[in-house]
Amino acid sequence: MTTDLAPGVLDALQHQVAVFARRAEQTRLGGVGQVRNSMDRAAYLLLNRLDQEGPMGVKALAAGMGIDSSTVTRQVAPLVDTGLVKRTSHPEDGRAVVLQLSPRGKARLDEVRGSRRELMALVTSGWTEEERDVFTTLLTRFNSALSEVHNALPPATPAS
């Protein structure tokens, strides 16, 4: 793969992505106030997907998130145990299990979203609305491209 971009631009980009990853982990993009750092990334992404797309099975949830079913099963277990997600029977096939955001899970997700929204407002307080829009568009595009590249790569083999 060749590129017309100057190595300096790519070096700066990869450095800023690394810094962003460190800052995101430091804050866990958890938000501000009492709910700061109160929900890990995996839980937030799972609850958010269930909220946006409705009840679904483990396989559909895993496929939509680009992870394997065993990972989803492991990540969902504590959410079920704490009552944020409930397991219900599939409406068309009573033998199949569907994961659904519980009312408690919805309330908790809304609380965390509000806190994270406050953090984003604080971080971008000196930005114009246009700058926020452009950044969001570019970050979405970057994440999509990164996902496409990741999905195209062969599975990693363990070092021997």
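A residue counts as buried when its relative accessible area is under 20%, as exposed when that area is over 50%, and as partly exposed in between, using a 1.4 Å probe and protein chains only. The structure is a predicted model, in which local features need pLDDT of at least 70 and side-chain atom pairs count only at pLDDT 80 or more, while totals for chains, interfaces and linings use all residues. Residues are numbered from 1 along each chain as its sequence is written, and side-chain values use heavy atoms, with hydrogens and water left out.

**Overall layout**

- The protein has six helices and two strands; helices (H or I, at least four residues) and strands (E, at least two) are DSSP runs, numbered from the N terminus.
- Along the sequence, these elements follow the pattern α-α-α-α-β-β-α-α.
- Contact means heavy atoms within 4.5 Å. Among the contacts in the protein with a separation of 6 or more, 47% are between residues 24 or more positions apart.

**How to read the helix packing**

- Two packed helices are described by the angle between their axes and the distance between the axes.
- The axes are lines fitted to C-alpha atoms, for helices over the stretch in contact, and the angles run from 0 to 180 degrees between N-to-C directions.
- Angles under 35 degrees count as roughly parallel, over 145 as roughly antiparallel, 65 to 115 as roughly perpendicular and the rest as oblique.
- A crossing is left-handed if the near helix is turned anticlockwise from the far one by less than a right angle, and right-handed if clockwise.
- For residue classes, Ala, Val, Leu, Ile, Met, Phe, Trp, Tyr, Cys and Pro count as nonpolar, Asp, Glu, Lys and Arg as charged, and the others, Gly among them, as polar.

**Helix 2 and its partners**

- Helix 2 (residues 41-53) packs with helix 5 (residues 103-123) at an angle of about 115°, their axes lying 10 Å apart. That makes helix 2 roughly perpendicular to helix 5, and the crossing is left-handed.
- On the helix 2 side of this contact are Tyr44, Leu47, Asn48 and Asp51, which meet Lys106, Leu109, Val112, Arg113 and Arg116 in helix 5. By class, the contact of helix 2 with helix 5 has four nonpolar, one polar and four charged residues.
- With helix 3 (residues 58-65), helix 2 crosses at roughly 110°, and the two axes come within 11 Å. Helix 2 and helix 3 are therefore roughly perpendicular to each other, in a right-handed crossing.
- Leu45, Leu46, Arg49 and Leu50 of helix 2 meet Leu61, Gly64 and Met65 of helix 3. The classes in this contact of helix 2 with helix 3 are five nonpolar, one polar and one charged.
- Helix 4 (residues 69-81) also packs with helix 2, at an angle of about 90° and with the axes 10 Å apart. This pair, too, is roughly perpendicular.
- Here Ala42, Ala43, Leu46 and Leu47 in helix 2 meet Val72, Gln75, Val76 and Leu79 in helix 4. The contact of helix 2 with helix 4 has seven nonpolar, one polar and no charged residues.

**Salt bridges**

- Side chains of opposite charge can pair when their charged atoms come close. A salt bridge is a side-chain nitrogen of Lys or Arg within 4 Å of a carboxyl oxygen of Asp or Glu, and a search of the whole structure finds seven of them.
- Asp51, Lys106, Asp110 and Arg113 are linked in a network of salt bridges.
- Aspartate 110 is partly exposed at 36% relative accessible area, and lysine 106 is partly exposed at 31%.
- Glutamate 111 forms a salt bridge with arginine 108, with 2.4 Å between the closest N and O atoms. These two residues also lie in helix 5, three residues apart, about one turn of the helix, and glutamate 111 is partly exposed at 41% relative accessibility.
- In helix 6 (residues 129-152), arginine 132 and glutamate 129 are three residues apart, about one helical turn. Their side chains meet in a salt bridge of 3.2 Å, N to O, and arginine 132 is partly exposed, with a relative accessible area of 23%.
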